[in-house]
Amino acid sequence: MSNRSNVTKQKLLDAATDIIMNHGVHQLTLDEVAKTAGVSKGGLLYHYPSKEALMTAMVERLQQEQNELYASLQQEGHGPVEAFVRLFDETKLHPERAAIQIDVEKMIAFLTLFEVDQEYANRWKHDLDTFFAQFQQTADPVETMIIRYALEGMMMSEHFGVGVPPAELKQAIIARLIERAHDIDRES
């Protein structure tokens with residue numbers, strides 16, 4: 001694929017992300033994406049033949065960005081469990097710092113995508129199952145999974161705006177989880 005083609009695909013994904021972020025997923029139409037990106041509708045359809053294909057590409061890009069951040073955290077010297085906590089802290093528990101904020105409406109849109117694109121949903125589930133099977137291969141798999149579920153619970157609390165702790169308490173929780181993760185990684 002040519003560099004120009006990659007640039008066009010990124011412009012389309014950026015435009016779709018911008019529409020969702022600023023106007024909500026209900027405003028995401030192929031016509032609006034093409035217009036926002038400054039690309040003909042035919043050009044959009046060449047790269048993404050359907051709204052589902054476009055949304056799949058958006059989710060894949062987000063997943064790739066998270067995978068790259070996780071790998072970079074490990075390259076900085078953090079073990080796999082600590083890198084996971086720091087990834088959550090950076091992208092899910094501080095949505096204002098994330099490249100894309102995923103609120104409840106967007107989560108529902110992505111879940112709907114999984115119903116429409118079963119092949120992608122199966123691939124995504126397989127990738128996560130593989131990651132978490134490897135993730136729990138630590139000196140203390142129970143503590144590792146407690147950390148995971150604590151983070152996921154905090155994320156859901158943030159997404160739904162229910163029981164969200166004050167910022168100071170949230171940071172203290174993250175600091176404690178980082179300590180525990182660091183200890184697990186050191187023992188593994």
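**Rings, a charge and a patch**

Guide: Arg148 sits over the face of Phe132, 3.6 Å from the ring centre. Bear in mind that this is a predicted model, where local features need pLDDT of at least 70, side-chain atom pairs count only at pLDDT 80 or more, and totals for chains, interfaces and linings use all residues. Residues are numbered from 1 along each chain as its sequence is written, and side-chain values use heavy atoms, leaving out hydrogens and water.

Visitor: What makes Arg148 count as lying over the face of Phe132?

Guide: The rule asks for NZ of Lys or CZ of Arg within 6 Å of the ring centre and within 35 degrees of the ring normal. At 3.6 Å, Arg148 meets the distance part.

Visitor: Why is the pair of Phe132 and Phe135 called edge-to-face?

Guide: Rings of Phe, Tyr and Trp (its six-membered ring) pair if their centres lie within 6.5 Å; planes under 30 degrees apart are stacked, over 60 edge-to-face, the rest tilted. By that rule there are eight aromatic pairs. Here the centres are 5.8 Å apart and the planes at 85°, so edge-to-face it is. Phe132 and Phe135 are three residues apart in helix H7 (residues 118-135), about one helical turn. Both also belong to a ring-pair cluster with Tyr70, Phe84, Phe88 and Phe131.

Visitor: How do you know whether Val162 is buried or exposed?

Guide: Buried means under 20% relative accessible area, exposed over 50%, partly exposed in between (1.4 Å probe, protein chains only). Val162 has 56%, so it's exposed. Phe132 and Phe135, by contrast, are buried.

Methods:
Helix = DSSP H or I, 4+ residues; strand = E, 2+ residues; numbered from the N terminus.
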